[in-house]
Amino acid sequence: MDQRIIRILQEIVGKDQVTTERADLICYSYDATQQQYLPEVVVFPADAKEISLILKMANAEKIPVFPRGAGSGFTGGSLPTRGGIVLVTARMDKILRIDSENLVAEVEPGVVTEKFQQAVEKVGLFYPPDPASLKFSTLGGNVAECAGGPRCVKYGVTKDYILGLEVVTPQGDIIRTGGETMKGVVGYDLTKLMCGSEGTLGIITKIIIKLLPLPEARKTMLVLFDSIDGAARAVSAIIGGKIIPATLEFMDATTIDCVRKATGMQLPESAQAVLIIEVDGEREMLERQAQKILQIVEPLGVVETRVANTPAESEDIWKVRRLVSPSLRKVNPDKFNEDICVPRSRVPEMIRAVEAIAKQHAIPIVNFGHAGDGNIHVNVMIDKKVPGEQEKADQAIEEIFAAALKLGGTMSGEHGVGITKAPYIPMELDPAAVAYMKTIKQALDPNNILNPGKVLLD
Amino acid sequence: MAKHKKLEDYRDQIEQCVKCGACQAHCPVFGEHKRESIVARGKVALAHALLNDEVKLDERLVEDMSKCLLCASCFDKCPNLVPTDEIVAAARREITEKQGLSSFGKVLTTVLKHPRLMNGLAKSGKAFSSLLFKKVPEQSGLRLRFPAPFVSRERSIPEIAAQPFRESHPEVIPGAEGKPTVSFFTGCMINYMYPEIGEALLKILKFMGVTVIIPQDQGCCGLPAISAGDGATVEELSRRNLAALSRHRVDAVLTACATCNEGIGRHFRHLEGDYATLAEKVVDMNVFLVRQGLDRLLAELPRKEVFQRVTYHDPCHLRTQGITKEPRALLKALPGVRFIEMEGADRCCGLGGTFSVYHYDTSKLIGARKAPGIEQSGADLVATACPGCMMQLQDTINHAGLKPRVIHLLELIARDLPA
Ligand SMILES: Cc1cc2nc3c(=O)[nH]c(=O)nc-3n(C[C@H](O)[C@H](O)[C@H](O)COP(=O)(O)OP(=O)(O)OC[C@H]3O[C@@H](n4cnc5c(N)ncnc54)[C@H](O)[C@@H]3O)c2cc1C
Ligand code: SF4
Ligand code: SF4
């Protein structure tokens, strides 16, 4: 890259916060998608003002800018697909305030999700969104992808907790959206527009977050079913019974088999599906809720139940879920993890459709995920080194998306579009909707410098 | 012959990294400097680039590879079990070999040109200029850990003992009939700096009737040399320790230093053959004592009225092997101790072999993260199971101006045993 540009960047953020060293370019060339694109320069700005100057310069010079949090994205949102500047939010990692009276907090985008959760829990408050990556992903990345997690069935996703933002627009203006209040209808809801915009419509520099009181206690149960339908009907029955558990995670037979094989964990052979159910709230209430849930599911082909009575036992149950990812590698080395979402009641149909696809292409597909909200992680397992496998996987994935859409679902519940799903967008969105989105992007970013080529193909 | 793996031998494991980024949550160095080249994922990417000739072995890479504590915290939590610590060690060996120098530290000092490092001897610097230090063999890890002119003046370091531990004892100390026989691998820090830890272990083993063998020809465990990328020394030390520890038939080889446990345990397992067979016998003293039922024996002793509040720090080299319950079981059983868990007990102390010599400022920052937990616990003593951690924790406590003293868990047990 032109030395003149490097010097401008150095003037904006300081010499130490700009790097063009090959080692750094390599280190900021990937995310959890495992694809690689080398940037030309990496910058570490300290605040909105610096970002504003960077974006103004980038517009003048027509250099693309790629915002990056922790680089844990699954769809390539932070990848510098066209060289240019990777803009890392790592230095903007301060929790600015936690207001216990109004139940709000304000943070910078580089704060790691779990650090924030721990900080609010210390004062008896609660930030529910819990992506499995919460120990390392950033809140900025969570807002940009609208991340979700197991607790979403009861508590909703990231966007449900964002009251307002400070954003640097693609052309370098600093704006504030939303605010501190629980209500607010003045102007368009730009806060929601930014949620899930994957760094294409602006760079988030401050986040105002809504908090809840921390539930007093939780109770975890593991229920094994003899059929996937039983488990699915259990989900509907529990919610029909007017209980909304904090989490309702499920694993299919192939997943159970993987865990059993990889870890030697004792799980009955007759189990075709597992539900991990957790309720939270006031302590006295939980015992009754747990009993009621067990009664509701009893007639639905329960093979075995385990109820945790201590935090340690609860941890043992969650361990089953956490062992899933590592044990998948035993099936095949390469995993394509898609996170389709269908209406809750159609989960069994979706699983059957996936099973049929797996059989037809003769590749293992492992399903687990958030049954409570219909968000299923479909893992197509292949060995890329075997010729033809990649093509099979691509074909299977397209068929999986089609099946999800047919059932009234979506091809991504949490992970976003980025580059990996961009080609499939026309399957889900009609041309007019795509045109509407493109109009927004073009109006806000006429030079197409902010995260170009992501979400919408240009 | 014990042969080290080359970086190339790790290619498969390097390619197992799926770039998930989970290691960002566990790398202590990354916690202080949030640059991707520091975290395991970045190190692995750089190692891969090195194998594929996409980066040069230049000064920048030397510096990147130096910023690792070899604590294996990343490996412990990596869903794909990528051994970044070993990969970094292999990269360091590659660097020293290519540069034709004996240690990575020498390469590094030419790269870092760190004015701080030239500040002269450490606070208790007389330890190093004294005649006593001359007794420490050339190959001892202590010389790598404290390369005299480079140790920061600010660091507090224990004195060198007037008489090394091993010289104070016969090779065989018989115990009772029908009780196990063990050899004691002392390591350098216990031998030269903290002989009282060795004395404590002997007292406990005597109480339990265990026969103890202290092979006089054992050497340094080799971990500081591994950290320093000095492949030749590691190989020589490994050979020597294998010979020394194979001369007697024993039920177990005990270590009272977490680092040594890694050095002759996990490291030997990787060398395979006779080394791996010996490694099967290597047992951390916490595990051994609990297996022998010492916690139950201690719990039966009458409780003392005057007690001390004690908390525990998990040395990385035990924690990543899952040894966390045993030391706590022993502490909780002690009649003169009230055990308190502290927040962040599992955080790395920040010493990391030769890391703290060349990156003392970062090492101090990592260490300082322990201070609030120690303070809030209200403990009188911080117990741990590794002399290296002891030194670093005491340094942290001194810098933070806190009251508690650091002590080896064995000293507490020895103190509370019936006369
Ligand atoms: C093991 C693992 C488990 C996961 N589990 C889940 C899960 O359960 N649920 C889930 O939803 N996701 C999950 N993810 C995906 C990923 O962690 C989330 O998408 C997360 O929100 C990304 O955060 P990040 O900080 O890593 O962002 P990055 O990956 O760095 O970036 C993601 C996107 O956000 C943009 N961006 C980042 N910061 C900003 C900013 N300040 N302003 C504007 N745009 C920005 C980037 O340009 C990019 O498009 C998982 C990932 C992994 C590796
Ligand atoms: S946790 Fe393991 S697999 Fe994931 S990025 Fe780090 S080293 Fe790679
Ligand atoms: S061994 Fe320790 S310091 Fe080195 S990369 Fe892993 S976690 Fe970080």
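This is a predicted model: local features need pLDDT of at least 70, side-chain atom pairs count only at pLDDT 80 or more; totals for chains, interfaces and linings use all residues.
Over all chains, the structure holds seven aromatic pairs. One of them joins F126(A) and Y155(A) in an edge-to-face arrangement, with 5.3 Å from centre to centre and 85 degrees between the planes. F126(A) belongs to strand β7 of chain A (residues 125-126) and Y155(A) to helix α6 of chain A (residues 152-155), so the pair ties together parts that lie 29 residues apart in sequence. F126(A) has a relative accessible area of 0% and is buried. Y155(A), at 13% relative accessibility, also counts as buried, because the cut-off for buried is under 20% relative accessible area.

In chain B, F165(B) and F184(B) form an edge-to-face aromatic pair: the centres are 5.8 Å apart and the planes stand at 75 degrees. This pair links distant parts of the chain, 19 residues apart. F165(B) sits in the loop between α10 (141-145) and β1 (172-173) of chain B, while F184(B) is in strand β2 (residues 181-185) of chain B. Both residues, F165(B) and F184(B), are buried. Back in chain A, one aromatic cluster is made up of F116(A), Y127(A) and Y161(A).

Aromatic rings of chain A also meet charged residues of chain B. K19(B) lies over the face of Y30(A), 5.3 Å from the ring centre. Over the ring of F44(A) sits the charged end of R35(B), at 3.7 Å from the centre.

The next part is a sheet in chain A. Seven strands form an open sheet with antiparallel pairing, in the order β15-β12-β14-β13-β17-β18-β16 (chain A). Its edge strands, each pairing on one side only, are β15 (302-307) and β16 (334-338) of chain A. On average, and with direction ignored, neighbouring strands of this sheet are turned by 15 degrees against each other. Strand β13 of chain A (residues 247-252) and strand β17 of chain A (residues 365-370) pair in the antiparallel sense over three bridges. E249(A) stands opposite H370(A), which is in β17(A).

Two helices of chain A lie against these strands. Helix α8 (residues 228-240) of chain A lies across β12 (217-225), β13 and β14 (273-281) of chain A, and runs at about 20 degrees to β14(A). Helix α10 (residues 283-297) of chain A packs on the sheet and touches β12, β14 and β15 of chain A. The direction of helix α10 of chain A makes about 10 degrees with that of β12(A).

Definitions and conventions:
Residues are numbered from 1 along each chain as its sequence is written. Chains are lettered from A and ligands numbered from 1 in the order in which they are written. Side-chain values use heavy atoms; hydrogens and water are left out. Rings of Phe, Tyr and Trp (its six-membered ring) pair if their centres lie within 6.5 Å; planes under 30 degrees apart count as stacked, over 60 as edge-to-face and the rest as tilted. Helices (H or I, at least four residues) and strands (E, at least two) are DSSP runs, numbered from the N terminus. Buried means under 20% relative accessible area, exposed over 50%, partly exposed in between (1.4 Å probe, protein chains only). A charge sits over a ring if NZ of Lys or CZ of Arg is within 6 Å of the ring centre and within 35 degrees of the ring normal. Two strands pair if DSSP finds at least two bridges between them. Axes are lines fitted to C-alpha atoms, for helices over the stretch in contact, and angles run from 0 to 180 degrees between N-to-C directions. Contact means heavy atoms within 4.5 Å.
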